[in-house]
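Please keep the sequence and the 3D view open while reading.

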Amino acid sequence: MGPLVRVAVIGAGAVVLSAAAVGGGLWLSGNDPDVPESGDVHAAATGCDAVTGELLAERLPGAVAQPREQGPLEGGDNLVCAWSSPGAPGGDGGALRVDVSALFTDATGEEPVTGADRAAEAYTALLPVRAEEVDLPTGEGAVWHGQVPGTAELAFHSDNLFVRVSYAGLTGQEPVDPEDAADLAAEFAGRIGESL
């Protein structure tokens with residue numbers, strides 16, 4: 001893989017991962033952490049452990065994990081994990097990012113808004129028109145092609161968790177086929193959904 005191709009992988013990964021980071025309209029809280037209510041199934045963001053080393057070795061060879069980031073979110077808890085693989089010469093390379101938000105019940109108004117409702121609202125707000133429904137073991141999900149070739153983004157919600165998966169990849173010196181990128185994002189999301 002030449003230097004220009006490596007730059008393309010890194011650039012594509014950065015674009016899709018940056019889009020995933022801001023796409024949900026959620027932000028890290030600078031105040032005291034919020035706490036879950038009794039009806040919130042998940043008291044913290046979780047799911048990254050479902051992306052096992054075995055799965056990465058099969059689908060994203062040579063992937064190196066980036067440091068996980070977990071901390072308070074406005075009205076919840078957020079977990080971000082990412083992996084990147086430069087790829088061997090002529091082989092596959094790419095980047096994967098998983099962003100999980102555990103949203104807690106908002107009881108500040110006249111009518112409380114459950115964490116599950118907040119997760120569903122965040123999911124609906126994120127989806128572009130081009131998104132297509134995807135079958136997942138748990139929760140409603142949708143996938144769409146990223147704006148950069150070889151990228152796909154996927155989102156789903158389950159109980160009070162809102163999950164975003166972003167993937168960017170190359171096969172040899174070319175971006176992966178858009179459908180292959182979407183299928184791979186769905187496979188990672190499926191494993192995460194099974195673990196919840």
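## Terms and model

Buried means under 20% relative accessible area, exposed means over 50%, and partly exposed is in between (1.4 Å probe, protein chains only). This is a predicted model: local features need pLDDT of at least 70, side-chain atom pairs count only at pLDDT 80 or more, and totals for chains, interfaces and linings use all residues. Residues are numbered from 1 along each chain as its sequence is written, and side-chain values use heavy atoms, with hydrogens and water left out.

Helices (H or I, at least four residues) and strands (E, at least two) are DSSP runs, numbered from the N terminus.

Start with S101. This serine lies in strand β4. Its relative accessibility is 0%, so S101 counts as buried. The side chain of S101 has a polar contact of 3.1 Å with that of N78. A polar contact is a pair of N or O atoms within 3.5 Å; within protein, one must be able to donate a hydrogen and the other to accept it, and residues adjacent in sequence count only if both atoms are side-chain atoms.

The rest of the strand is mostly covered too: in β4, eleven of twelve residues are buried. Two strands pair if DSSP finds at least two bridges between them. β3 and β4 run antiparallel, joined by ten bridges. Within β4, A95 is the bridge partner of S84. β4 also pairs with β8, again in the antiparallel sense, over eleven bridges. There, F162 in β8 is the bridge partner of S101.

## Nonpolar cores

A nonpolar core is a set of buried Ala, Val, Leu, Ile, Met, Phe, Trp, Tyr and Cys residues joined through side-chain atoms within 4.5 Å. In soluble globular proteins, nonpolar side chains tend to be buried together.

The largest core here has 34 residues, and L96, V98, L154 and V165 have the most contacts inside it. The elements that give two or more residues to this core are α2, β3 (76-85), β4, β7 (151-158), β8 and α4. Helix α4 gives the largest share, eight residues. A second, separate core has ten residues, including L103, A119, A122 and A155.

## Helix α3

Helix α3 covers residues 115-126. The expected span of a helix is 1.5 Å times one less than its number of residues.

Which residues of α3 are buried? They are G115, R118, A119, A122, Y123 and L126. Seen down the axis of α3, the buried residues fall within an arc of 140°, so they line one face of the helix. The arc is that of the directions from the helix axis to the C-beta atoms. On the other side of α3, T124 and A125 are exposed.

## Salt bridges

A salt bridge is a side-chain nitrogen of Lys or Arg within 4 Å of a carboxyl oxygen of Asp or Glu. The whole structure has six salt bridges. One of them joins R164 and D99, with N and O 3.0 Å apart. R164 lies in strand β8 (residues 161-171) and D99 in strand β4 (residues 92-103), so the pair ties together parts that are 65 residues apart in sequence. Both ends are covered: R164 is buried at 5% relative accessible area, and D99 is buried at 2%.

Elsewhere, shared partners join E58, R59, E187 and R191 into one salt-bridge network. The E58 and R59 side chains meet at 3.7 Å, N to O. R59 also forms a salt bridge with E187, where the closest N and O atoms are 2.9 Å apart. That pair links distant parts of the chain: R59 is in helix α2 (residues 53-59) and E187 in helix α4 (residues 178-195), 128 residues apart.

## An exposed loop residue

P67 sits in the loop between β1 (64-65) and β2 (69-73). Is P67 buried or exposed? At 66% relative accessibility, P67 counts as exposed. P67 and V80 are 13 residues apart in sequence, and their C-alpha atoms are 8.8 Å apart in space.
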